[in-house]
Each structure stands twice: as structure tokens, then as C-alpha cells.
Amino acid sequence: MESILEVLIAVGGLFLVIGFTADAIARAAVRRKVADKALSPEQIEAVLRRRTDPDHILKWALLATAVGIGFILIQFLPPDLHDQPIVIGLVLVFAGGALFLYRQLLRRGPDR
């Protein structure tokens, strides 16, 4: 169990570092574009508003919550199953369910 959790934490940490790095690079590119062009205040606000999409935040919140619930449920498995692939499968099922829920929420449209 501990070895699988260590691998999951290491891979998750790696993806977090890659994600934050990509986000920092994207933000720098947006700032550079805004600085290079003579944009009106309305155009600058529109560009910045696109970067803070609440649906994007919802996706990550649902995903983090579902994966956390998956890890909590792993604690209730019998000890002989802790080193089995079911541990990873359980976490992935919850992650997939969160992404499916996110997709369903987006399909409803803005009048949620």
C-alpha cells in the first residue's frame, strides 16, 4: 500500500509541478501580448477574464475532491488488497466520475 501511495504522490506531484509551470508560462505570454499591443482597457479586461474561467476551477475542485474520497475509501479496504491494482483503479474511477460530472454540468449551460 505504501509503495503504491508513494508512486501516486510522486506522479501527482510531478504533474502539479508541470501544470503550475505551464500556467506560469501561459500567464507570462498573456502579459507579454498585452504589453506589446496597445489594447484598450476593455480588451485587456476581456483577455484577463478569459484566463479566470470559473468552469476551469470547478473541474479541478471536483477532481481533487473525488480523488480525495477515493483515497479515503482505500483505508476501508482489507489490508491484503492494499498492494493490488484495485487501489489505483478505485482512485481512477472516482477521478473519471468527477470529470463525467463536470461534463454534465457544462452541458446544462449557463442557466445551471
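The questions below go from the overall fold to the nonpolar cores.

Visitor: What pattern does the protein chain follow along the sequence?
Guide: Bear in mind that this is a predicted model. The protein chain has 4 helices and 0 strands. Read along the sequence, the pattern is α-α-α-α.

Visitor: How much of the protein chain counts as buried?
Guide: A residue counts as buried at under 20% relative accessible area. The protein chain has 112 residues, and the share of them that passes as buried is 18%.

Visitor: What share of the accessible surface belongs to carbon and sulfur atoms?
Guide: The accessible surface of the protein chain comes to about 8500 Å². Of this area, the carbon and sulfur share is 69%.

Visitor: Which element gives the largest share of the largest nonpolar core?
Guide: That core has 7 residues, among them Leu 62, Ala 66, Ala 95 and Tyr 102. The largest share is 4 residues, and it comes from α4.

Visitor: How many residues does the second, separate core have?
Guide: This core includes Ile 74, Leu 77, Val 87 and Val 91. Its residue count is 5.

Visitor: Which residues is Tyr 102 in contact with, leaving aside neighbours within four places in sequence?
Guide: Tyr 102 belongs to the largest nonpolar core. Contact here means heavy atoms within 4.5 Å. With those sequence neighbours left aside, the partners of Tyr 102 are Asp 55, His 56, Leu 58, Lys 59 and Leu 62.

Visitor: Among contacts between residues at least 6 apart in sequence, what share joins residues at least 24 apart?
Guide: The count covers contacts in the protein chain between residues at least 6 apart. The share that joins residues at least 24 apart is 68%.

Technical notes: Residues are numbered from 1 along each chain as its sequence is written. This is a predicted model: local features need pLDDT of at least 70, side-chain atom pairs count only at pLDDT 80 or more; totals for chains, interfaces and linings use all residues. Side-chain values use heavy atoms; hydrogens and water are left out. A nonpolar core is a set of buried Ala, Val, Leu, Ile, Met, Phe, Trp, Tyr and Cys residues joined through side-chain atoms within 4.5 Å. Buried means under 20% relative accessible area, exposed over 50%, partly exposed in between (1.4 Å probe, protein chains only). Helices (H or I, at least four residues) and strands (E, at least two) are DSSP runs, numbered from the N terminus. Accessible areas come from the Shrake-Rupley method with a 1.4 Å probe; for residues, only the protein chains shown count as cover.
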